[in-house]
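Biologist: I'd like to learn how to read a domain interface and a ligand shell. Could you walk me through one case?

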Amino acid sequence: MEKVCLISLGCSKNQVDSEVILGFLLQDGLVPVSRVEDADVVIVNTCAFIQEAVQESIGVILEVAKAKEKGTVNRLIVTGCLPQRYGEELACEIPGVDLWTGTGDFPQIPPWLKGGGPKVLIGRPLYLYDHQTPRVITATLHSAYVKISEGCSHPCTFCLIPQLRGEYRSRVMDSVIQEVKNLVAMGVVEVNLVAQDTTAYGTDLVEEGGLWRLLTELIGIRGLGWARVLYTYPHPSNFPSSLLEMIAREEKVCPYLDIPIQHVNDKILRRMGRRASGEEIKGLIYRIKSDYPEIHLRTTLMVGFPGEGEGEFKELFDFVQGAEFTHLGVFRYSPEEGTKAFRMKGKVSSKVAEERAAQIMELQQGISWRRNQGMVGSVIPVLVDEVSVEPDGFLQGRASFQAPEVDGVVYINNEGTAPRSGEIVGVKITEAGPYDLVGKIE
Ligand code: SF4
């Protein structure tokens, strides 16, 4: 039996694709292995939305190509955003790859492995998986990402995703519900809903109600512990009170919203092609904070966008200072060929962008530390993930306001009790740092 090693790079949405690819291959009798040197077939599912990701993807491909040269690997397949972005150009430049497929073409990998075919299979990205598609959960057995739509139709001038992933298309609601039921039957406790824009879910479907209705259906699934909404789009119209009410008050929906605002200065937002003004974004954040204080907010910012001077940056800095997000990430603008922003005037040097990112991160560290200190003494529900490597003898888990991979964790002193991975337990917080919390099972 052929052995396959799949290397998944990039975001959680790519991870879902990787799990679907593995599902197809296992269905065909291939055996998964975790080390390249043990594999007959290696598949690299790539990321390419910024240059840093492109370089990482190419580095991994070249490493595997070396192993192939030594004869330990028979076939090397590269799929995902990198081939979709650069197409045939790459096939000429990187020898040693047997098959290149785009973001919508990976279902053709199994037939290609059996019968061969062209070396490059890159078409328009139209693929959308459903609940019947085989899928192998690779991270933990009790937490899974569920991709509720694919592609993006927003016109952000810095972003290549619409080109790499195609137009926004929602999965049929019944299919998402059925997938979550299947996952829960397999032992999944937490589902993290992902998309390029989860708040646009359903806008292209006949069914009404969108994200709110989907959540309403999901909380009715017996055995599901938590549903979390990631990657929303910051426009006030995307956050009706009914949705916020549900996120704030429904026990099975994590009181957590990931709203990547990018910026709050009007000039920069216009140049970025964002759909909301600074006032609308600020109003949205302050409305959630005042009317639904239970909801923890995560955001992502971009600094160093062309045209961002000291004044524009200060407006962003001041807003972060006042808004006090629970979690915050900052990216430096990366000029990407093929985007509108690539040719914009008013470039900001990478040194200045780096300094601005560092200033925001320093500010946020203080905010997060203060917020976390405020939790000492309280008892919060925590989903146990695994045994902690460091500190030794502890368990590691996440509160409902900590998403997997991107936010902090809770280290649990489990003296006398031994909960298993996937259990939600009450933990009394005893210590707090800027990112992580420490506590005892109550
Ligand atoms: S919303 Fe904007 S930044 Fe996000 S994927 Fe779509 S185009 Fe890119």
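Modeller: Let's go from the domains to their interface, and then to the ligand. This is a predicted model, where local features need pLDDT of at least 70 and side-chain atom pairs count only at pLDDT 80 or more, while totals for chains, interfaces and linings use all residues. Residues are numbered from 1 along each chain as its sequence is written, and side-chain values use heavy atoms, with hydrogens and water left out.

Biologist: How is the chain divided into domains?

Modeller: Domain bounds come from an automatic or database domain assignment. Here that gives domain 1 (3-121), domain 2 (143-373) and domain 3 (379-441). The contact (heavy atoms within 4.5 Å) takes 15 residues from domain 1 and 16 residues from domain 2.

Biologist: What area is buried between domain 1 and domain 2?

Modeller: Interface size is often quoted as the accessible area lost when the parts come together. Buried area uses a 1.4 Å probe and is summed over both parts. For this pair the value is about 1400 Å², with carbon and sulfur atoms giving 56% of that. On the domain 1 side, K13, F49 and R85 lose the most area to domain 2, together 40% of what that side buries.

Biologist: How many salt bridges are there between domain 1 and domain 2?

Modeller: The rule wants a side-chain nitrogen of Lys or Arg within 4 Å of a carboxyl oxygen of Asp or Glu. Between domain 1 and domain 2 the count is three. Elsewhere on the salt-bridge list, D17 and K147 pair up through their side chains at 2.8 Å, N to O.

Biologist: And which residues surround the ligand?

Modeller: A residue is near a molecule if one of its heavy atoms lies within 4 Å of it. The ligand has C152, H154, C156, F158, C159, I161, P162, Q196, Y233 and R274 around it. By class, that shell holds seven nonpolar, two polar and one charged residues, where Ala, Val, Leu, Ile, Met, Phe, Trp, Tyr, Cys and Pro count as nonpolar, Asp, Glu, Lys and Arg as charged, and the others, Gly among them, as polar.

Methods: Buried area = accessible area lost by both parts, 1.4 Å probe.
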